[in-house]
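Below are some notes for a colleague who has not seen this structure before. Please read them with the model open.

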Amino acid sequence: MNDDLYENANYCSKVFFSWIDVLFKKRRAKGTIELNDLSKIPSNLHSSNLIDKLEINWSNQLSLLEITRKTIQWKMIFLGICLLIKEIFNISQPLLLIFLMDYFHPCSQMSLWKAWSFAISMILVAFLSSFLFNQAYYHLLKLSLEMRIAYQGLIFRKILRLSSFQLNEVNSGKITNLLSNDACQIEMALLFFHHLWLSPIEIILIVYFFWYFIKSLSLIAIGYTVLLLLIQMLFSRIFLHYQNQILQKTDERIKIMSEIIKSMRIIKMYTWQIPMENQIHRIRKNELIQYGYRLIYESIQLIFQQTYIVLTFYMIYSLMWFFDMEFNPKFFALASCLLSYMRTPIVEFFSIAIKAFVNYLAAQKRIQNFLLLDEIYREKQIISSSIEENRSINVYCNLKNAQWSKDSPFCVDSIVTDELIQRTIREKFQQSTVLTVAHRLRTIIDNQRILVLHHGRLVEFDTPKNLLSNPNSYFSSLVEQTGPLESKFLRDFVFQN
């Protein structure tokens, strides 16, 4: 791969995004961009950095929403200030236009230089607004993508540390749903999060200007805008309800599909294809019904959004005609600009922000429940010994703490099984050659030799100490993928023993 194009670009190129012109030129010359044509990922954008931060915060605070806030709060605050300045620039554009319109009035006393100053100010404000918009959303989109990858990495590391019991309980369909659906909700939530607090501020500013120009008639625009916001909040609770229903139906369908695929031979042997097909159709039908209900409310919400400007103007002009009020071109210019501006960021973006945040709340709850599943820490959590007496094995356990799930009996069998097996192998087969195939590194970290396979081919074969001494070895990368806490334990175990 080439050197990082972004890091090597100058400041002007970064601001106007011209640093990607190199890729466009290669595409035009070669016809296809190869992997080697892309630049290397900068060290500050490596996913492991953000995953490590989330994992460290998670060990101190068992709330996914809270650790996300701690991890990115200062970046979000800075981007929020940039977007607030951009919105102020947007609102100031129609005001400058009204001041400029006074110059073209027949009885205007405005000087030429003052008119030019208003015109130049409009151009500068538009440029600064566009500049802040592009820069803020570029960094906001980059941050949201980083957090999505970090969530997926956090789930992946949790899978590697799950206990044997939980591995049997959690099906592959649920894990796929967590990685492909739930972890992606943080992306949209962060992208539109600032509109949850920017929209009320923008409404207050716009209401002030409406009141300044048309006094009591501004109550129509104010009342209708507030009504729309209340409807959006009501719909957010409805969307949350249907989103939870959809996720439950989806999990049920994926779980049954996984069970059917695993038991395909038995199903064919007993000719259960038709009953199973009917079962899947029934679950899928219930899932689509929930989608349909949600789409009905989204359609109603879309009608309010698209008719916002027309209905507001219709109500204002109807009352102006009814009370025989004079039509003011300044008001028309201001109202049309402000209402057009309000529809996109306030009405549309605010509704998208509510739906995205509601979907994220439902998704993060599911991810958090998954992250709270039991893990296996054999050497730290349990001390057991086996003694052979009268041809029987007795197991003594020293548990510092124990707990059991609600509505399920407490059992230590699954806790001691792995330790008993590993200790028995080490004691009874000391004079034998033992080949161990394991998916947990703790199981084989104390072996004399470790053989690493990649895509069915031998890539490394050496002692654990020699493999970990080489930071570029494939085994070292596998240890690092287990997370900062687990990798530290594995390395300490190897180098201290």
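1. Ala356 has 6% relative accessibility and therefore counts as buried (under 20% relative accessible area, with exposed meaning over 50% and partly exposed in between, for a 1.4 Å probe and protein chains only). Ala356 is part of helix α15, residues 329–371; helices are DSSP runs of H or I with at least four residues, strands are runs of E with at least two, and both are numbered from the N terminus. Beyond residues up to four places away in sequence, Ala356 touches Met188 and Ala189, where contact means heavy atoms within 4.5 Å. The C-alpha atoms of Ala356 and Gln185 are 7.0 Å apart, although 171 residues separate the two along the chain.

2. On the source: this is a predicted model, in which local features need pLDDT of at least 70 and side-chain atom pairs count only at pLDDT 80 or more, while totals for chains, interfaces and linings use all residues. Residues are numbered from 1 along each chain as its sequence is written, and side-chain values use heavy atoms, leaving out hydrogens and water.

3. The chain as a whole contains 21 helices and four strands. Of its 497 residues, 38% are buried. Counting contacts between residues at least 6 apart in sequence, 74% join residues at least 24 apart. The accessible surface is about 30,400 Å², and 61% of that belongs to carbon and sulfur atoms (Shrake-Rupley method with a 1.4 Å probe; for residues, only the protein chains shown count as cover).

4. A second residue of α15 is Leu339. With 0% relative accessibility, Leu339 counts as buried. Setting aside residues up to four places away in sequence, Leu339 touches Phe210, Tyr308, Ile309, Thr312 and Phe313. One of these, Ile309, has its C-alpha atom 5.9 Å from that of Leu339, at a separation of 30 residues along the chain.

5. How much of α9 is covered? Seven of the eight residues of α9 are buried, namely Gln185, Ile186, Glu187, Ala189, Leu190, Leu191 and Phe192.

6. Helix α6 (residues 112–161) and helix α9 (residues 185–192) have axes that come within 8 Å and cross at roughly 155°. The axes are lines fitted to C-alpha atoms, for helices over the stretch in contact, and angles run from 0 to 180 degrees between N-to-C directions. The angle is why α6 is roughly antiparallel to α9 (over 145 degrees; under 35 is roughly parallel, 65 to 115 roughly perpendicular and the rest oblique). Residues making the contact include Tyr137, Leu140 and Leu141 of α6 and Ile186, Glu187, Leu190 and Leu191 of α9. By class, the contact has 10 nonpolar residues, one polar and two charged (Ala, Val, Leu, Ile, Met, Phe, Trp, Tyr, Cys and Pro count as nonpolar, Asp, Glu, Lys and Arg as charged, and the others, Gly among them, as polar).

7. Helix α4 (residues 47–60) also meets α6: the two axes come within 9 Å and cross at roughly 65°. This makes α4 roughly perpendicular to α6. Among the residues in contact are Ser47, Ser48 and Leu50 in α4, and Glu146, Met147 and Ile149 in α6. The contact of α4 with α6 comprises eight nonpolar, three polar and five charged residues.

8. Lys158 also belongs to α6. Is Lys158 buried or exposed? Lys158 counts as buried because its relative accessibility is 2%. Apart from neighbours within four places in sequence, Lys158 is in contact with Phe370, Leu371, Leu372, Leu373 and Glu375.
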